[in-house]
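The sequence and the model are shown first, and the description follows.

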Amino acid sequence: MLIWQDLHHSELSVSDLYTLLALRNAVFVVEQNCPYQDIDGDDLVGENRHILGWRDGKLMAYARILKSESEYEPVVIGRVIIDPSVRGEKLGYQLMEQAMASCEKYWPEEAVYLGAQAHLQSFYARFGFKPVTDVYDEDGIAHIGMANR
């Protein structure tokens, strides 16, 4: 069982921020062999939120929610990640439920968008997402844009 937090960036402790950045780096940069600048300036601005799932003091699940200042831009869920040690436990479903609940709570009228790794289309479809772009390359990995409205 995970303990969930839905935090505005101003509520993140230094330790929380370090931990989530370390997990993102371990998976998105090292494991996926994808050298890119993960720290992109979006983690600590505006109304952006962070969904964290903890077990025994260790971060096991994480997603970032970005809310643009523009009323015409959708809310964006990204950096969806499960720690490698607990993959296969279906925690991704819980994580997306938490992320979608946060979007509904804070931005109930807004469309939600995500850039999914293409092989995960059916996973995100379970949360109402449909493809809205063709498959595209992002850092050497096939992705597809998906939206829920």
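Phe123 has a relative accessible area of 15% and is therefore buried, where buried means under 20% relative accessible area, exposed over 50% and partly exposed in between, with a 1.4 Å probe and protein chains only. The model is a predicted one, in which local features need pLDDT of at least 70 and side-chain atom pairs count only at pLDDT 80 or more, while totals for chains, interfaces and linings use all residues. Residues are numbered from 1 along each chain as its sequence is written, and side-chain values use heavy atoms, with hydrogens and water left out.

**Aromatic pairs**

Rings of Phe, Tyr and Trp (for Trp the six-membered ring) pair if their centres lie within 6.5 Å; planes under 30 degrees apart count as stacked, over 60 as edge-to-face and the rest as tilted. The count by this rule is six aromatic pairs. In one of them, the ring centres of Tyr106 and Trp107 are 5.8 Å apart and the planes stand at 50°, so this pair is tilted. Tyr106 is partly exposed because its relative accessible area is 33%, whereas Trp107, at 10%, counts as buried. Phe123 and Tyr124 form an edge-to-face pair, with 4.9 Å from centre to centre and 75° between the planes. Tyr124 has 6% relative accessibility and so counts as buried. Phe123 and Tyr124 also belong to one aromatic cluster with Tyr93, Phe127 and Phe129.

**Helix 2 and its cover**

Helices (H or I, at least four residues) and strands (E, at least two) are DSSP runs numbered from the N terminus. Helix 2 covers residues 91-106, and its 16 residues should span 22 Å at 1.5 Å a residue; the end C-alpha atoms are 23 Å apart, which agrees. The expected span is 1.5 Å times one less than the number of residues. The buried residues of helix 2 are Leu91, Gly92, Leu95, Met96, Ala99, Met100, Ser102 and Cys103. An α-helix has 3.6 residues a turn, so residues three or four places apart point the same way. The elements that cover these buried residues include strand 1 (3-8), strand 3 (58-66), strand 5 (112-117) and helix 3 (121-125).

**Strand pairing**

Two strands pair if DSSP finds at least two bridges between them. Strand 7 (residues 141-147) has six of its seven residues buried. Strand 7 pairs with strand 5 in the antiparallel sense over five bridges, and Leu114 stands opposite Met146 of strand 7. Strand 6 (residues 130-138) also pairs with strand 7 in the antiparallel sense, over six bridges; here Val135 stands opposite Ile144. The hairpin of strand 6 and strand 7 has two residues between the strands, and Asp139 in this hairpin takes a positive phi near 55°.

**Charged side chains**

A salt bridge is a side-chain nitrogen of Lys or Arg within 4 Å of a carboxyl oxygen of Asp or Glu. The structure holds twelve salt bridges, and the table gives some of them.

| Salt bridge | N to O distance |
|---|---|
| Arg24 and Asp38 | 2.9 Å |
| Arg64 and Asp40 | 2.9 Å |
| Asp83 and Lys58 | 3.8 Å |

Arg24 and Asp38 form a salt bridge. Arg24 lies in helix 1 (residues 14-31) and Asp38 in the loop between helix 1 and strand 2, so the pair ties together parts that are 14 residues apart in sequence. Arg24 is buried at a relative accessible area of 0%, and Asp38 counts as buried at 6%.

Arg64 and Asp40 form a salt bridge. This pair links strand 3, which holds Arg64, to the loop between helix 1 and strand 2, which holds Asp40, across 24 residues. Arg64 counts as buried at 3% relative accessibility, while Asp40 is partly exposed at 33%.

Asp83 and Lys58 form a salt bridge. Asp83 is in the loop between strand 4 and helix 2 and Lys58 in strand 3, 25 residues apart. Asp83 counts as buried at 8% relative accessibility, and Lys58 as partly exposed at 40%. Shared partners join Arg24, Asp38, Asp40, Asp43, Arg64 and Arg79 into one network of salt bridges.

Which charged residue is buried yet has no salt bridge? Glu110 is this residue, and the nearest side chain of opposite charge, Lys67, is 4.2 Å away; Lys and Arg count as positive and Asp and Glu as negative, with His and the chain ends not counted. Glu110 lies in the loop between helix 2 and strand 5.

Key
Contact means heavy atoms within 4.5 Å.
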